[in-house]
Amino acid sequence: MDDSLKNVLLNNTRCKNIVSPSILSADFANLQSEIKKTEIFGASWCHIDVMDGHFVPNITIGVPVVKSLNNKVKSKLDVHLMIENPDKYIPDFISAGADIITFHIEAADDKAKQCIEIIKEANILAGIAIKPKTPVSAVEKYINLVDMILVMTVEPGFSGQKFMPDAAEKIKEVRAIASGNLIIQVDGGINNETAKICADYGANCFVAGNYVYKNPDMKSAIESLLSA
Ligand code: DX5
Ligand code: ZN
């Protein structure tokens with residue numbers, strides 16, 4: 001991906017960080033208007049948690065929802081795949097209009113390189129996620145091939161869980177071995193305080209479900225993440 005396209009995707013000319021509210025905590029009956037509310041307050045990505053009931057003990061949403069949102073919201077569609085066999089389903093999410101696709105290294109086995117290639121060929125952003133107990137060494141050899149590393153700070157599966165400080169410490173390790181352009185996304189239990197910790201470690205992209213969508217003051221919530 002060339003730098004100009006990346007800048008557009010990141011919207012990084014105006015804000016310090018990218019904010020990607022997780023629609024898992026939104027009102028699914030009014031998804032489009034829910035996402036638009038976050039855009040008004042400065043969120044530029046929309047985090048879509050795809051769960052298959054195998055890789056994680058929960059089932060959420062999939063390709064049809066991404067397809068429905070495509071071109072209906074301004075936010076970049078940030079798809080977090082918590083599914084087994086990601087290589088098999090990535091092409092469907094590309095066709096549906098995903099702008100960023102992140103798969104889990106724990107689910108990809110020996111197909112991680114193949115997953116990255118499929119995503120990059122589509123000229124969208126590629127990310128790899130690691131669960132709280134997965135060491136950074138598991139993704140080290142792919143760091144220069146992807147646009148983003150997602151450090152999970154809860155066990156994937158549900159929104160509204162408690163932030164795991166030990167998992168967040170891995171952000172420092174990722175930042176130390178990454179090139180300047182790498183986006184480090186953090187996901188799980190993020191609020192104004194935990195985002196600040198992660199930003200100090202080197203994260204610059206914040207996923208937040210409950211903190212944004214269940215917050216009576218969504219504006220301040222998003223602003224605190226943009227400037228963490
Ligand atoms: C958890 C998901 C998260 C979740 C975050 O498996 O990947 O994106 O929705 O929710 P909060 O911010 O409420 O922890
Ligand atoms: Zn997520």
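How far is an oxygen atom of ligand 1 from an N or O atom in the side chain of aspartate 49? In this predicted model, the separation is 2.8 Å. Ligand 1 is surrounded by 20 residues, and Asp49 is listed among the closest, together with Gly157, Asp187, Gly189 and Gly209. An oxygen atom of ligand 1 lies 3.4 Å from an N or O atom in the side chain of histidine 47, and an oxygen atom of ligand 1 is found 3.0 Å from a polar backbone atom of asparagine 210.

For comparison, the ideal angles for six octahedral donors are 90 or 180 degrees. Distant parts of the chain are linked by the histidine pair, since histidine 47 belongs to strand 2 and histidine 80 to strand 3, 33 residues apart.

Both of these histidines are shielded by the protein. Histidine 47 counts as buried because its relative accessibility is 0%, and histidine 80 counts as buried because its value is 1%. Histidine 47, in strand 2, also forms a polar contact of 3.2 Å with the side chain of aspartate 187. Beyond its neighbours within four places in sequence, histidine 47 is in contact with Ser20, Pro21, Ser22, Ile23, Asp78, His80, Gln185, Asp187 and Val207.

One of those partners, glutamine 185, opens the way to another part of the structure. Glutamine 185 is located in strand 7, which spans residues 183–187. With a relative accessibility of 0%, glutamine 185 is classed as buried. Its contacts outside the four neighbouring places in sequence include Ser20, Trp45, His47, Asp78 and Val207, as well as Met148, Ile149, Leu150 and Val151.

Although methionine 148 and glutamine 185 stand 37 residues apart along the chain, their C-alpha atoms are separated by 6.9 Å. Apart from neighbours within four places in sequence, methionine 148 touches Trp45, Asp78, Ile100, Thr102, Ala126, Gly127, Ile128, Leu182, Ile183 and Gln185. Glutamate 173 sits in helix 8, residues 170–177, and is partly exposed because its relative accessibility is 44%.

In helix 4, residues 86–96, the buried residues are Pro86, Asp87, Ile90, Phe93 and Ala96. These residues lie on the same side of helix 4 because they cover an arc of only 155° around the axis. The face turned away from that buried side carries the exposed residues Lys88 and Ser95. Among the elements covering the buried residues of helix 4 are strand 2, strand 3 and strand 4, along with helix 3, helix 5 and helix 6. Strand 2 and strand 3 are also the strands that hold histidine 47 and histidine 80.

Positive phi values occur on either side of helix 4. Just after the helix, glycine 97 has a positive phi of about 110°. Asparagine 85, in the loop between strand 3 and helix 4, has a phi near 50°, a positive value in a residue other than glycine. This asparagine is partly exposed, with a relative accessible area of 42%. Asparagine 71 likewise has a positive phi, near 70°; it is placed in the loop between helix 3 and strand 3 and is exposed, at 71% relative accessible area.

Definitions and conventions:
Residues numbered from 1 in each chain as written. Chains lettered and ligands numbered in written order. Predicted model: local features only at pLDDT ≥ 70, side-chain atom pairs only at ≥ 80, totals over all residues. Heavy atoms only, no water. Buried < 20%, exposed > 50% of the residue type's maximum accessible area, 1.4 Å probe, protein only. Helix = DSSP H or I, 4+ residues; strand = E, 2+ residues; numbered from the N terminus. Arc of directions from axis to C-beta. Contact = heavy atoms within 4.5 Å. Near = heavy atom within 4 Å. Polar contact = N/O pair within 3.5 Å; in protein donor to acceptor, adjacent residues only side chain to side chain.
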